[in-house]
Amino acid sequence: MTEPAIRLFRAEDRKDVIAAIADLQEVERALHDTRRPGSECAEAYFASLRERIEAGGGAILVAEIGGAFAGWAACFVVSDDNPAETPDSNVYGYISDVYVVPSQRGRRVSGDLLAAAERHLARGAVRRVRIGSLSANRPATAAYARNGFEPYEITFEKRIGGDVP
């Protein structure tokens with residue numbers, strides 16, 4: 001079995017990453033009614049992500065297996081000014097996205113992408129790394145837990161007023 005190779009994003013990866021964003025969005029859309037169709041937002045999400053990465057010392061990482069696109073992850077540094085948090089908690093690395101193509105799932109590609117993101121963020125001297133997920137995305141949350149992440153804060157939601165779909 002060929003091991004995944006993780007590298008930095010290149011311009012020729014754009015098409016694969018945009019398609020992966022759209023696919024991930026559709027997965028999340030099936031889990032929660034707040035998500036728009038991937039085809040409607042993938043390009044804008046990618047543009048927004050690139051801005052956050054450029055501003056926050058981040059990276060888009062690409063996984064390849066046998067030279068073929070196998071997945072991607074994005075990470076950047078966040079600087080908050082929450083007076084209730086410690087200084088090392090106010091500046092942290094954030095992994096905003098992790099995606100593995102369906103045919104490559106179960107091969108630890110997500111773990112390799114997470115580890116590469118952690119290494120990239122550690123170069124920026126952050127001591128904490130956070131990651132978010134829809135709570136209903138059990139495969140993602142299980143992968144994060146397998147790779148050493150623990151719940152930090154949990155957001156609860158309740159719909160009120162108006163029509164509920």
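## Exercises on a predicted model

Arginine 7 belongs to strand E1, which spans residues 5-8. The model is a predicted one.

**Exercise 1.** Determine whether arginine 7 is buried or exposed, and find which side chains make polar contacts with the arginine 7 side chain.

*Solution.* 
Step 1. The relative accessible area of arginine 7 is 16%. Buried means under 20%, so arginine 7 is classed as buried.
Step 2. List the residues that arginine 7 touches, leaving out those up to four places away in sequence: Asp13, Ile60, Leu61, Val62 and Glu64.
Step 3. Look for polar partners. The side chain of aspartate 13 makes a polar contact with that of arginine 7 at 2.7 Å. The side chain of glutamate 64 makes another, at 2.9 Å.

**Exercise 2.** For helix H5, state which residues are buried, which exposed residues the face turned away from the buried side carries, and which elements the buried residues pack against.

*Solution.* 
Step 1. Helix H5 covers residues 138-146, and its buried residues are Ala140, Ala143 and Tyr144.
Step 2. These residues lie on the same side of H5, because the arc they cover around the axis is only 100 degrees.
Step 3. On the face turned away from that buried side are the exposed residues Arg138, Pro139 and Arg146.
Step 4. The packing partners of the buried H5 residues are strand E4 (91-100), helix H4 (109-123) and strand E5 (129-131).

Definitions and conventions
Residues numbered from 1 in each chain as written. Predicted model: local features only at pLDDT ≥ 70, side-chain atom pairs only at ≥ 80, totals over all residues. Heavy atoms only, no water. Buried < 20%, exposed > 50% of the residue type's maximum accessible area, 1.4 Å probe, protein only. Helix = DSSP H or I, 4+ residues; strand = E, 2+ residues; numbered from the N terminus. Arc of directions from axis to C-beta. Contact = heavy atoms within 4.5 Å. Polar contact = N/O pair within 3.5 Å; in protein donor to acceptor, adjacent residues only side chain to side chain.
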